[in-house]
Amino acid sequence: MQAKYSSTRDMLDDDEDTTMSLYSQASATTRQPEPRCTAHRCSPCPEQWKWHGDNCYQFYKDSKSWEDCKYFCRSENSTMLKIDTKEELEFAMSQSYSEFFYFYWIGLFRPGGGKVWLWMDGTPYTSELFHVMIDVTSPRSRDCVAILNKMIFSKDCQELKRCVCERRAAMVKPESLHFLPETSGEGD
């Protein structure tokens, strides 16, 4: 009994559909992803947001009251900054540095003028990561927290400060990457 094909290549050449299908599959898996933006080709954050760890951050330049920042962040499908780790604290502090003294509201406050500081999600504040400095220059209540130049202050919630919002970074799925057009090889 003699073999119909002397090699796999002969078998694939005999069936052009199979050859094209295998070629297409091999090409699709070896093409290089096309960057969507200049920041990071696989950024799980919206444009203009900064990616750090598992979250995306946006430090806005518009000034608002603490309450208005809370609503603004919600409209951006995010929350005001909550500092959970030393790495996040260092990142936020480096982003808050400003030679023009711009404060940024974060999601820490004292509800009803009480003594207990809470994050917006209801988690109690602990002083393990940082201490809140009481701003004695403000004659009114100081029940909201803002960051400035690597320091954290209690401030009057009605004062106008910049907003910093955070949201969970999206997962990057390989099938959602854009690929560069195929180039013909030397043997084509």
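**Helix α3**

I began with K70 and E67, which are three residues apart in helix α3 (residues 66–75) and therefore separated by about one helical turn. Helices here are DSSP runs of H or I with at least four residues, strands are runs of E with at least two, and both are numbered from the N terminus. The side chains of K70 and E67 meet in a salt bridge, 3.2 Å from N to O. I count a salt bridge when a side-chain nitrogen of Lys or Arg is within 4 Å of a carboxyl oxygen of Asp or Glu. K70 is buried at 14% relative accessibility, and E67 is partly exposed at 33%. Buried means under 20% relative accessible area, exposed over 50%, and partly exposed in between (1.4 Å probe, protein chains only).

**Basis**

The model is predicted: local features need pLDDT of at least 70, side-chain atom pairs count only at pLDDT 80 or more, and totals for chains, interfaces and linings use all residues. Residues are numbered from 1 along each chain as its sequence is written, and side-chain values use heavy atoms, with hydrogens and water left out.

**Charges over rings**

I looked up K70 again and found it over the face of Y71, 5.1 Å from the ring centre. K64 lies over the face of F72, at 5.0 Å from the ring centre. The criterion is NZ of Lys or CZ of Arg within 6 Å of the ring centre and within 35 degrees of the ring normal.

**Other salt bridges**

I find seven salt bridges in the structure. One of them joins R168 and D54, with the closest N and O atoms 4.0 Å apart. R168 is in strand β10 (residues 161–168) and D54 in the loop between β2 (50–52) and β3, so the pair ties together parts 114 residues apart in sequence. R168 counts as exposed at 60% relative accessibility, as does D54 at 52%. E159 bridges to K155 at 3.9 Å between the closest N and O atoms; K155 is buried, at 7%.

**Aromatic pairs**

I note nine aromatic pairs. Rings of Phe, Tyr and Trp (its six-membered ring) pair if their centres lie within 6.5 Å; planes under 30 degrees apart are stacked, over 60 edge-to-face, the rest tilted. Y57 and F91 have ring centres 4.9 Å apart and planes at 50°, so this pair is tilted. Y57 is in strand β3 (residues 55–64) and F91 in helix α4 (residues 86–96), 34 residues apart. Both Y57 and F91 are buried. F59 and Y104 pair edge-to-face, 5.4 Å centre to centre with 85° between the planes. Y57, F59, F91 and Y104 form one aromatic cluster.
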